[in-house]
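Work through the exercises below with the model open. Try each task before reading its solution.

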Amino acid sequence: MTAVPAAQPRVAFTDEMKAEFKALLGDRFTTAAAVREHHGKDESYHPNFPPDGVAFATSTEEVSAIVKLCAKHKLPIIPFGTGTSLEGGVAALAGGVCIDVSTMKEVLRVSPEDLDVTVQAGVTRKQLNEHLRDTGLFFPIDPGADASLGGMASTRASGTNAVRYGTMRENVLGLTVVLADGRVIRTGGRARKSAAGYDLTRLFVGAEGTLGIITEVTLRLYGIPEAISSAVCPFNDIRGAVDTVIQTIQSGIPVARIELLDEVQMDAVNKYSKLDYKVAPTLFFEFHGTAAGVKEQAEMVAAIAAEFGGSEFTWATRPEDRSKLWQARHDGYYAALALRPGSKGWPTDVCVPISRLADCILETKKDIAESSMLAPLVGHVGDGNFHLVYVIDPDKPEEMAEAKRLNDRMVDRALAMGGTCTGEHGIGYGKMEFLEKEAGDAFAVMGELKRAFDPDNRMNPGKVVRI
């Protein structure tokens with residue numbers, strides 16, 4: 001199991017402190033055990049580290065007041081959106097106060113003419129797209145879970161549409177952030193380009209709450225495509241599927257989504273979502289554009305797939321069919337766990353340059369085949385990103401050791417190929433050792449930035465960098 005990094009000594013949470021938070025928030029501050037337990041764990045295998053109390057904020061001003069009160073008592077602060085992260089990012093390793101922004105759900109402004117929107121941090125991607133439904137616009141970043149947009153910015157999330165629309169890094173125009181001392185700053189803006197000063201927006205996007213708490217986000221929007229069509233294509237082997245992806249990307253075909261599921265994951269998806277696709281390495285595609293453009297893209301990709309051993313496409317053009325297909329893909333994690341009832345998941349991901357994708361996946365699959373580990377593979381392979389879910393019993397040390405061995409090998413392999421230890425899951429405390437290996441001397445610079453923004457190490461301590 002991943003070693004828990006040392007955080008600063010725990011500050012005793014007293015009745016007097018509780019009374020001050022109650023005076024500020026009333027019933028929106030709680031020390032109830034069940035609520036604290038819920039806020040001390042994400043969707044991964046990492047153990048639960050509950051905070052001392054949970055504060056439900058409703059505005060930037062309220063977050064600032066909570067942070068100032070925490071600063072007064074030197075209490076750690078852990079931001080919480082929907083709890084769907086995967087590397088222990090919400091664990092209260094040194095206790096303290098969890099600030100839950102899930103009730104900050106107001107869409108503050110929509111500008112259809114400028115293709116942008118400003119929301120409070122607790123707005124989820126599904127809520128936003130429902131709000132936008134009558135404008136002809138949508139927000140495309142789709143990590144699978146109905147995550148909060150503040151959390152998605154904080155973890156630099158991406159997902160199935162990233163191959164065409166990019167990640168949160170490319171789609172966040174500006175932020176409102178509460179710093180460790182309670183100051184409120186606004187970064188970026190609505191202009192599509194700027195040469196004004198340091199790019200603080202990009203500094204907070206992906207900082208996982210270690211530099212400040214994101215309370216408002218300004219995002220790019222896109223027009224809903226005239227035509228959308230999805231397709232499923234099984235392959236004789238996984239190399240053929242990956243080579244199809246590489247050729248498609250190198251040909252410049254503007255595919256919206258390309259998802260790879262290996263034969264183990266396809267078996268899991270069929271059983272969990274009650275589908276009947278062939279149990280084989282499979283690509284899920286989606287094409288966006290005009291009717292003519294979608295037809296042309298599909299024909300070009302189908303020809304490439306046939307060259308590499310792909311079967312005929314099975315199409316999903318009706319919205320309800322596309323929704324069912326992509327929901328099955330998003331449920332892949334739970335489908336994997338269902339292969340072994342009572343198990344837990346150790347989800348992990350890497351990302352490599354597209355030219356090295358086949359090598360990285362094939363060598364990883366070889367490691368799994370030579371192991372006793374159940375580990376379905378799935379990936380947003382259009383941008384070189386793929387995932388494994390090690391299906392484990394955390395109470396069996398031998399399984400944890402084997403999962404760690406395989407994971408270490410996969411990450412080292414990705415780094416040797418010029419890739420990264422995580423394409424989208426983030427660091428939390430689960431991947432700190434890999435970040436240090438990947439970043440080299442830059443890891444120490446990250447620590448210096450952390451100290452500059454948070455000299456007392458109270459903002460989500462024990463995550464991303466070592467202080």
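The exercises go from the whole chain to single residues.

This is a predicted model, in which local features need pLDDT of at least 70, side-chain atom pairs count only at pLDDT 80 or more, and totals for chains, interfaces and linings use all residues. Residues are numbered from 1 along each chain as its sequence is written, and side-chain values use heavy atoms, with hydrogens and water left out.

**Exercise 1. Overall build**

Task: Describe the secondary structure and the dimensions of the protein.

Solution: 
- Step 1. Start with the elements: the protein has 17 helices and 18 strands. Both are DSSP runs, numbered from the N terminus: helices are H or I with at least four residues, strands are E with at least two.
- Step 2. Take the extents. The C-alpha trace spans about 70 × 55 × 40 Å along the principal axes.

**Exercise 2. Burial, contacts and charge**

Solution: 
- Step 1. Of the 467 residues, 57% count as buried. Buried means under 20% relative accessible area, exposed over 50%, and partly exposed in between (1.4 Å probe, protein chains only).
- Step 2. Residues 24 or more positions apart account for 71% of them.
- Step 3. The protein exposes about 18,800 Å², and carbon and sulfur atoms supply 53% of it. Areas come from the Shrake-Rupley method with a 1.4 Å probe; for residues, only the protein chains shown count as cover.
- Step 4. The mean positions of the 51 positive and 62 negative charges are 2 Å apart. Lys and Arg count as positive, Asp and Glu as negative; His and the chain ends are not counted. Each charge is placed at NZ of Lys, CZ of Arg, CG of Asp or CD of Glu.

**Exercise 3. The annotated domain**

Task: Find the domain in the UniProt record and describe its residue range.

Solution: 
- Step 1. An unreviewed UniProt entry lists residues 47–224 as "domain: FAD-binding PCMH-type". UniProt positions are given in the numbering used here, feature names are shortened, and annotations may be inferred rather than shown by experiment.
- Step 2. Over residues 47–224 the chain is 22% helix and 26% strand. The end C-alpha atoms are 41 Å apart.

**Exercise 4. Positive phi**

Task: L115 and N460 have positive phi values. Where does each residue lie, and is it buried or partly exposed?

Solution: 
- Step 1. L115 is not a glycine, yet its phi is about 60°. L115 sits in the loop between β5 (107–111) and β6 (116–120). Its relative accessibility is 33%, so L115 counts as partly exposed.
- Step 2. N460 has phi near 45°, again in a residue other than glycine. N460 lies in the segment after α17 (441–453). N460 is buried, at 2% relative accessible area.

**Exercise 5. Helix residues**

Solution: 
- Step 1. At 6% relative accessibility, L25 is buried. L25 and I66 are 41 residues apart in sequence, with C-alpha atoms 8.8 Å apart.
- Step 2. K68 is partly exposed, at 46%.
- Step 3. T364 belongs to helix α14 (residues 357–369). T364 is buried, at 3%.

**Exercise 6. Loop residues**

Solution: 
- Step 1. At 4% relative accessibility, V352 is buried. Beyond four places in sequence, V352 touches L357, C360, D383, G384, A414, M417 and G419.
- Step 2. D393 is partly exposed, at 24%. Its contacts beyond four places are R340, E399 and M400. D393 and S343 are 50 residues apart in sequence and 5.4 Å apart in space, C-alpha to C-alpha.

Technical notes:
Contact means heavy atoms within 4.5 Å.
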